[in-house]
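Please look at the sequence and the structure first. The questions and answers after them are written for a reader who is new to both.

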Amino acid sequence: MQITLKLYAFLTDYLPVDARRSNALVLEVGDGSTVASLIADRALPPRLVHLVLLNGEFVPPQQRDTQRLNPGDVLAIWPPIAGG
Amino acid sequence: MAWTRKILRVNLTQGSCVSEALNMAWAAQYLGQRGLASKYLVSEIDPQVDPLSPGNKIIYATGPLTGTMASTGGRYSVVTKGPLTGVIACSNSGGFFGAELKFAGWDMIIVEGRSPTPVYLHIENERATLVPADDLWGQTVWATEAALKKRHQDPLLRVSSIGRAGENQVLFAAIVNDLHRAAGRSGVGAVMGSKNLKAIAVRGTRGVGNIADPKAFMAAATAGKKVLAENAVTGQGLPTYGTQVLMNVINEMGALPTRNHRDVEFEGARKISAEAMHEKRASDGRTHLVTNQACFGCTIACGRISRIDETHFSVETRPEYWGASGGLEYEAAWALGSANGVDDLEALQFANLLCNEDGMDPISFGATVGAVMELYDLGILSKEEIGLETPFGSAEALCKLAEMTARGEGFGKVIGLGSKRLCAQYGKPELSMTVKGQEFPAYDGRALQGMGLAYATSNRGACHLRGYMVSSEVFGIPVKTDPRETAGKPEMLKAFQDATAVVDSSGLCVFTTFAWTMNDIQPQIQAACEGDWALDSLLQMGERIWNLERDFNLAAGITGKDDTLPPRLLNEPCKTGGSKGMVAEIGKMLPEYYSLRGWTADGVPTAATRSRLGL
């Protein structure tokens with residue numbers, strides 16, 4: 001199935017060069033993939049995986065192992081950030 | 001240097017500058033800056049006074065940590081009755097002006113009356129003089145600062161001034177210091193303009209002293225800096241990406257107000273984000289962002305310095321704008337961009353430069369343009385009336401309207417009234433996205449329930465910096481809460497509001513609280529200041545300040561009915577994204593909030609509350 005992975009701020013470097021200007025990458029992932037398994041597959045450093053939104057909704061750390069991905073999902077991830 | 005214990009009182013009607021002792025009994029109750037200046041203001045003016053009349057006063061106040069070695073200890077606040085809102089205005093600025101005022105030996109300046117002709121206030125340590133400024137009237141902030149430095153032959157002179165927007169009494173005019181740091185909100189610049197006071201230029205060479213316990217203070221300040229440096233947000237995220245990193249975050253959540261709050265997702269958000277500011281442009285191979293910049297004493301350095309694209313239509317024949325200058329910060333980028341559907345980063349930077357150059361709040365300006373674009377879209381405003389086409393998304397309209405508003409030209413005079421008065425004038429008051437007359441900042445109060453309550457109850461009208469619930473609802477600082485949930489939000493908001501009032505009264509920047517708790521701040525205040533500044537005392541002081549401001553606002557004429565949001569946020573659900581279907585549930589939270597505050601069901605502090613807080 002296809003999902004869209006969006007990586008922002010310092011995590012931009014973990015996207016292929018041609019995906020960095022959109023911060024988005026359309027990915028083919030296996031059925032049964034979870035938020036945590038995708039993070040592991042992409043080798044994202046745990047300390048940079050802070051704010052995780054699945055279709056705009058926050059996924060708490062304790063749910064990332066069990067939160068399954070569905071076709072068309074948009075998974076967006078940020079390192080620790082803040083602003084005002 | 002903790003308190004200098006001196007106030008400079010300037011009477012513009014009489015042309016006098018007099019030194020007087022700081023009321024130390026009040027300092028013990030209100031600390032400094034926001035709290036102490038508010039105490040002076042409410043004690044000295046009639047709450048019903050016309051904000052633009054000589055009877056209003058305007059106070060420039062430092063905190064006890066301003067000018068010290070505490071990280072971010074460079075803040076000052078401007079406190080007055082706000083012309084945009086008709087309630088208390090308290091606008092906070094960084095840069096270097098606040099610390100310089102302290103070095104000159106002054107805790108605050110109280111300005112009263114009105115000068116018959118334009119003047120500026122020149123301060124050189126204990127010597128303060130009012131100087132004719134007829135030649136500066138009509139000049140921009142930037143030209144004024146350059147002229148004053150040249151006149152006094154002092155490149156280290158620190159200047160806080162108004163541009164043409166303040167002179168023209170644009171109701172959201174800002175006071176700008178150090179070229180691009182601003183006491184931005186509520187129209188404090190219009191008050192300065194109404195008094196014919198063009199600028200305050202200060203040079204202080206008295207250095208730091210008067211710290212209660214210097215050794216303990218150095219230890220506490222050093223410990224605080226270590227916390228900021230080691231925190232991922234204040235040590236890495238903010239210096240690298242600035243506040244602008246929020247553009248994509250808030251958009252992905254479906255919380256980014258777009259096209260005058262019609263929508264909550266902006267298709268052009270990525271193009272005006274922090275990530276875009278880091279990319280090389282096709283036109284010149286340069287990045288928009290040049291560097292970050294710190295205010296006095298700051299070890300975070302979140303400020304943005306950018307260089308506009310010289311080939312952009314707004315500046316291609318105007319090389320005076322080609323150099324590196326301030327911007328874009330998130331709030332400005334949102335208000336000038338998403339609020340109007342404009343996704344042209346260079347156009348936003350140009351409009352932002354004009355806001356800095358002529359002293360306008362980009363939030364209220366941009367949000368008012370959003371209302372104009374909606375009225376144009378509905379056919380209520382025409383090209384003939386405005387003087388140009390203003391469809392949503394027009395970068396050309398944004399840039400032109402910024403110039404017209406700053407200079408008081410044509411329809412710019414109407415925009416300068418702010419969206420509340422503008423929308424009322426055209427028979428559509430419900431299209432004004434304001435609370436108590438002040439335009440919203442960059443978070444939708446439907447998508448973030450706690451922020452909705454924060455806007456409704458803010459003492460200076462819609463504002464994110466009186467109780468920044470985004471911190472919990474989005475970042476998880478200090479704990480993550482569900483932005484869709486209302487339960488628990490009143491209690492958390494009260495805690496945020498009271499703690500923020502403490503920080504705003506200290507001389508420190510509220511951004512430190514992304515890493516610091518009150519347990520990091522309290523030792524710095526206690527070591528610097530004489531007296532009892534235990535944690536409980538400080539938090540009660542924050543509550544005292546909040547209620548002092550509330551009492552003033554009630555006396556000025558607001559009621560609990562003003563603690564609400566525009567009908568669009570209460571009745572029109574978010575259309576898309578993670579917040580789809582949501583409206584602001586203020587009614588579920590406000591009664592509990594009033595109860596926690598010790599207020600009546602009508603939002604009035606009870607006699608018991610006033611007594612408990614020493615009001």
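Two strands pair if DSSP finds at least two bridges between them, strands (E, at least two residues) and helices (H or I, at least four) being DSSP runs numbered from the N terminus. This is a predicted model, in which local features need pLDDT of at least 70, side-chain atom pairs count only at pLDDT 80 or more, and totals for chains, interfaces and linings use all residues. Residues are numbered from 1 along each chain as its sequence is written, while chains are lettered from A and ligands numbered from 1 in the order in which they are written.

Q: Which residue of β4(A) is the bridge partner of L53(A)?
A: β3(A) pairs with β4 (residues 57-58) of chain A in the antiparallel sense, over 2 bridges. Within this pairing, L53(A) has as its bridge partner F58(A).

Q: Which residue of β5(A) is the bridge partner of L54(A)?
A: β3(A) and β5(A) run antiparallel and are joined by 4 bridges. In β5(A), the partner of L54(A) is L75(A).

Q: Are L51(A) and V52(A) buried or exposed?
A: In a regular strand, side chains alternate between the two faces of the sheet. In β3(A), L51(A) and L53(A) lie on one side, and V52(A) and L54(A) on the other. With the cut-offs of 20 or more other C-beta atoms within 10 Å for buried, 12 or fewer for exposed and partly exposed in between, C-beta atoms being placed from the backbone, these four residues are all buried.

Q: Why does A143(B) count as partly exposed?
A: A143(B) is placed in helix α4 (residues 141-151) of chain B. A143(B) counts as partly exposed because its number of C-beta neighbours inside 10 Å is 14.
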